[in-house]
Amino acid sequence: MKTLNLQALIILLLVSALVVLSALYVVKAPVFVAADEDALAGLNTNQKRIHWKMTTSWPKGFPGLGTAPETFARHVEAMSGGRLTITVYGAREIVPPLGVFDAVSNGSVEVGHTGAYYWKGKLPAAPFFTTIPFGMTAQEMNAWLYYGGGIELWRELYAPFNLYPLAGGNTGVQMAGWFNREIKTLDDLKGLKMRIPGIAGEVFNRAGGTAVNIAGGDLYTSLKTGVIDATEWVGPYNDLSMGFHEVAKYYYYPGWHEPGSTLEIIVNKQAFEALPEDLKTIVEVAARAANQDMLDEYTARNNAALQQLINEHGVQLKRLPDGVLKHLKRITDEVIAEMVAGDAEAEKIYRSYSQFAEGVKAYHRVSEKAYINARDMVEE
Ligand code: CA
């Protein structure tokens, strides 16, 4: 009996141990499985490597404009630890300079670097996101975009085209351009053939000139052969490399027509939305860094280039007369009023832009402008 009892006790203990182990397994097993699934899901969304193609409106590596997309791509790759890589293509390597909007919109490429004012034909409000004549400076534009509701309006405008826009660089105040005729009065604009695109081109036409649009690569020859009498481009740093000083006598300022042109990084909306949250933030932050970096580069390099143009190449630097500037401003107001009339979206964006501009201009009269005037006054 004792032996039997002992055997029964051993069997009972073994069965109990099995029951306890099974119970532990039942409790533990799903936890392990769930943890593994989480880890795998994490790998799928966070560790997957993504590659984007970026097409641009500039020749590859073009000073200033062409370095911004490279800066953006480099930052994205470094910040993401190589999880999102971007290959940058110059104009015409994939699509022509003005094919960027459509190529990103239809998903042929995931991202592009270009300027919103090129899309004025399909979107009358688009120029407000680059620059308008006598409009806001780079500092003021960035304030409107990031703290004045501008970027939200921009995203609303581009959403039907499957695009997610980001500010991607700023040239700062441009130069009025290269002229082979001196501009002393309004009469000097009459019959003047000038390469000046966009809204400013329309203003220039109404002021008596003839605005023509010529691709950057043909400008030098057009000035040299007299096809045009004048051209605007960007500023000294870019203009010096174009060689305009060899074919035009006078270099005029200020760039009334482009007081702080914002470039754009446009991302295909599906491609952007498919990114995990951390990569979305990386794209946003890298664009913001590239946006500021371009302005810093132009600010740092423009003066040295201007001095070289004047001192080594004998360029005559001239300011547009007050009367000419005032007349161009009056026409600009008319052209912009006509441009937005009847387009609800453009009217809304113009209202936001101009309300913000009024406020920032009022404050800049007692800050940036007052300080720069005071600094010049004490140096005189
Ligand atoms: Ca320009």
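Predicted model: local features only at pLDDT ≥ 70, side-chain atom pairs only at ≥ 80, totals over all residues.
1. What does the site bring together? Gln 174 and Trp 233 link distant parts of the chain, 59 residues apart. Gln 174 sits in the loop between β4 (163-170) and β5, while Trp 233 sits in the loop between β8 (230-231) and α8 (236-242). Are these two buried or exposed? Both Gln 174 and Trp 233 are buried.

2. Next, have a look at the sheet. It is an open one of six strands, and they come in the order β7-β6-β8-β5-β9-β11, with mixed pairing. β7 (210-212) and β11 (316-319) are the edge strands; each has a single partner, so one side of each is left without a neighbour in the sheet.

3. Within that sheet, follow β5 (residues 177-179) and β9 (residues 250-253). They pair in the antiparallel sense, over three bridges.

4. Now the aromatic rings. The whole structure holds 19 aromatic pairs. One of them joins Trp 178 and Phe 244, with ring centres 6.3 Å apart and 55 degrees between the planes, which makes it a tilted pair. Trp 178 belongs to strand β5 and Phe 244 to the loop between α8 and β9, so the pair ties together parts that are 66 residues apart in sequence. Phe 244 is buried, at a relative accessible area of 0%, and Trp 178 is buried with a value of 0% too.

5. Trp 178 has a further partner, Tyr 251. Why does that pair count as stacked? The ring centres of Trp 178 and Tyr 251 are 3.9 Å apart and the planes meet at 15 degrees, so the pair is stacked, the cut-off for stacking being under 30 degrees. Here strand β5 supplies Trp 178 and strand β9 supplies Tyr 251, so this contact ties together parts that are 73 residues apart in sequence. Tyr 251 is buried as well, at 0% relative accessibility.

6. One charge-over-ring contact is also worth a look. Arg 288 lies over the face of Tyr 146, at 3.8 Å from the ring centre.

7. The largest pocket holds about 1700 Å³. It is lined by 47 residues, and the closest to its centre are Gly 135, Thr 137, Val 173, Pro 254 and Pro 259. Elements giving two or more residues to the lining include α4 (138-147), α10 (277-311), β11, α11 (322-340) and α13 (368-379). Which element gives the most? That is α12, with eight residues; α12 spans 344-366.

8. Finally, some backbone points to check. Most peptide bonds are trans, and most residues other than glycine have a negative phi. The bond from Tyr 253 to Pro 254, however, is cis, with omega near -5 degrees. Pro 254 is in the loop between β9 and β10 (262-268), and Pro 254 is also among the residues closest to the centre of the largest pocket.

9. For Asn 162 it is about 70 degrees, in the loop between α5 (150-158) and β4. How do they compare in burial? Phe 134 is partly exposed, with a relative accessible area of 27%, whereas Asn 162 is buried, at 19%. The limit for buried is under 20%, so Asn 162 falls on the buried side of it.

Conventions:
Residues numbered from 1 in each chain as written. Heavy atoms only, no water. Pairing = 2+ DSSP bridges. Helix = DSSP H or I, 4+ residues; strand = E, 2+ residues; numbered from the N terminus. Buried < 20%, exposed > 50% of the residue type's maximum accessible area, 1.4 Å probe, protein only. Phe/Tyr/Trp six-rings, centres within 6.5 Å; stacked < 30°, edge-to-face > 60°. Lys NZ or Arg CZ within 6 Å of the ring centre and 35° of its normal. 1 Å grid on protein atoms, 1.4 Å probe; cavity = no way out; pocket = protein on both sides within 12 Å on 5 of 7 lines; lining within 4 Å. Points joined across faces, edges and corners; volume = space filled by probe spheres on them.
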